[in-house]
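This report covers strand pairing and helix packing in one model. Start with the structure itself.

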Amino acid sequence: MLKVPHLERMRAIGVALAAVMGSIGGAGAEAYPSRPITIVVPYAAGGLFDSIARALAESMRVALAQSVVIENVGGAGGSIALGRVARAPPDGYTLSVGSGDQFVVNAAIYPLQYDVVQDFEPVTLLMNGPNLIVSKNEIPASNLKELVAWLKTNHASVAQAHNGAGGSLHLCGVELQRVTGARWPFVPYRGAAPALQDVIGGRIDVMCTSPASSLEMVRNGLVRGYAITGNARLATAPDIPTVDEAGFPGFHISVWGGLFAPKGTPKDVIAKLNAAAVVALADPAVRQRLVALGQEIFPRDRQTPEALGALQKAEIEKWWPIIKAANIKAD
């Protein structure tokens, strides 16, 4: 039979051994990041968010002293990409950039296998970009008020393009119908580029699109540009008025972008990613690139996980009722 003092010595040895093993494990733990980080982009290569992600990745690579790889995963309005990120280990090595299209709208129109709020950790707000309202040249309108009047008169024969059900270009069109007080059909396209080609060709009458996609076409006289759906003129297009200046105050539709990680990613990892993203957004080369794409970088005090989470929830409260009222369904 063992004596109590012997049991106590055995316990003491066990505690000491556990402490040593713990210290060894701690000493051997990898500092984050110890391997390449992947940013999943829910769009094809060459688009707006692909360009933003690549500019961000290059600067974050320096800040984190680690490679940052871009992976483009398209399909189902970006829900395939987000599903991949939601299922990824919450270790900070798989992230996603995305917009309200993926992190707000999709939950209202797709039967998702993940929750856009509960299955992700916000990292930071990135940028915000308004849309530009354009039309084919054949429409005899020189400003937004004249365009709205023409649409109201000719709504029975109007065709408006968008690049995905419930996306910002679609919601901008819904808002345009609201201010016009008339309805007309939407024509879905697989991207803004082919839709704009049909505006140029006269097969589509009107559409909302990103300035990055359409400003050169406006400048070259291929389409008409009417107004920016933001509260300030763009530095790259100072001659195009805002919707407020054009007579339709509050007609604000923008595409915001954020960086997200899987739910459960450690807070210290989120903090490191946020710090690297903030450094990237302050990089003059990154800022110049985003401005050239018609984007506005959020102020430093809004480049936080909390600000991104708050904006996402506010957008859900705003847009889900509108989407449901308009009976918008996935294409």
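## Helix packing and sheets

H7 and H8 run roughly parallel to each other, because angles under 35 degrees count as roughly parallel. The model is a predicted one. The packing angle of H7 and H8 is about 25°, and their axes are 10 Å apart. Their crossing is right-handed. From H7, Ala192, Leu196, Gln197 and Ile200 take part; from H8, Ser213, Ser214 and Met217 meet them. By class, the residues of this H7 contact with H8 are 4 nonpolar and 3 polar, with no charged ones.

Where do these helices sit relative to the strands? An open sheet of 5 strands runs in the order E7-E6-E8-E5-E9, and its pairing is mixed. Strand E7 (186-188) and strand E9 (224-228) are the edge strands, each pairing on one side only. From one strand to the next, the twist averages 30°. Helix H7 (residues 192-200) packs on this sheet and touches strand E5 (132-135), E6 and E8. The direction of H7 makes about 145° with that of E8. Helix H8 (residues 211-219) lies across E5, E8 and E9. Its direction is at about 45° to E5.

Within the sheet, strand E6 (residues 160-162) pairs with strand E8 (residues 206-209) in the parallel sense, over 2 bridges. Gln160 has Val206 as its bridge partner in E8.

Strand E1 (residues 37-41) and strand E2 (residues 68-72) are paired in the parallel sense, over 5 bridges. Val41 is bridged to Asn72 in E2. Together with helix H2 (residues 48-64), E1 and E2 make a right-handed β-α-β unit.

H2 also packs against another helix. The axes of H2 and helix H10 (residues 284-292) come within 10 Å and cross at roughly 175°. Angles over 145 degrees count as roughly antiparallel, so H2 and H10 are roughly antiparallel to each other. H2 contributes Ser51, Ile52, Ala55 and Ser59 to the contact, and H10 contributes Val286, Arg289 and Leu290. The contact of H2 with H10 has 4 nonpolar, 2 polar and 1 charged residues.

| Helix pair | Angle | Axes |
|---|---|---|
| H7 and H8 | about 25° | 10 Å apart |
| H2 and H10 | roughly 175° | within 10 Å |

Note on methods: Residues are numbered from 1 along each chain as its sequence is written. This is a predicted model: local features need pLDDT of at least 70, side-chain atom pairs count only at pLDDT 80 or more; totals for chains, interfaces and linings use all residues. Side-chain values use heavy atoms; hydrogens and water are left out. Two strands pair if DSSP finds at least two bridges between them. Helices (H or I, at least four residues) and strands (E, at least two) are DSSP runs, numbered from the N terminus. A crossover is right-handed if, with the strands pointing away from the viewer, the path from the first strand over the helix to the second runs clockwise. Axes are lines fitted to C-alpha atoms, for helices over the stretch in contact, and angles run from 0 to 180 degrees between N-to-C directions. Contact means heavy atoms within 4.5 Å. Angles under 35 degrees count as roughly parallel, over 145 as roughly antiparallel, 65 to 115 as roughly perpendicular and the rest as oblique. A crossing is left-handed if the near helix is turned anticlockwise from the far one by less than a right angle, and right-handed if clockwise. Ala, Val, Leu, Ile, Met, Phe, Trp, Tyr, Cys and Pro count as nonpolar, Asp, Glu, Lys and Arg as charged, and the others, Gly among them, as polar.
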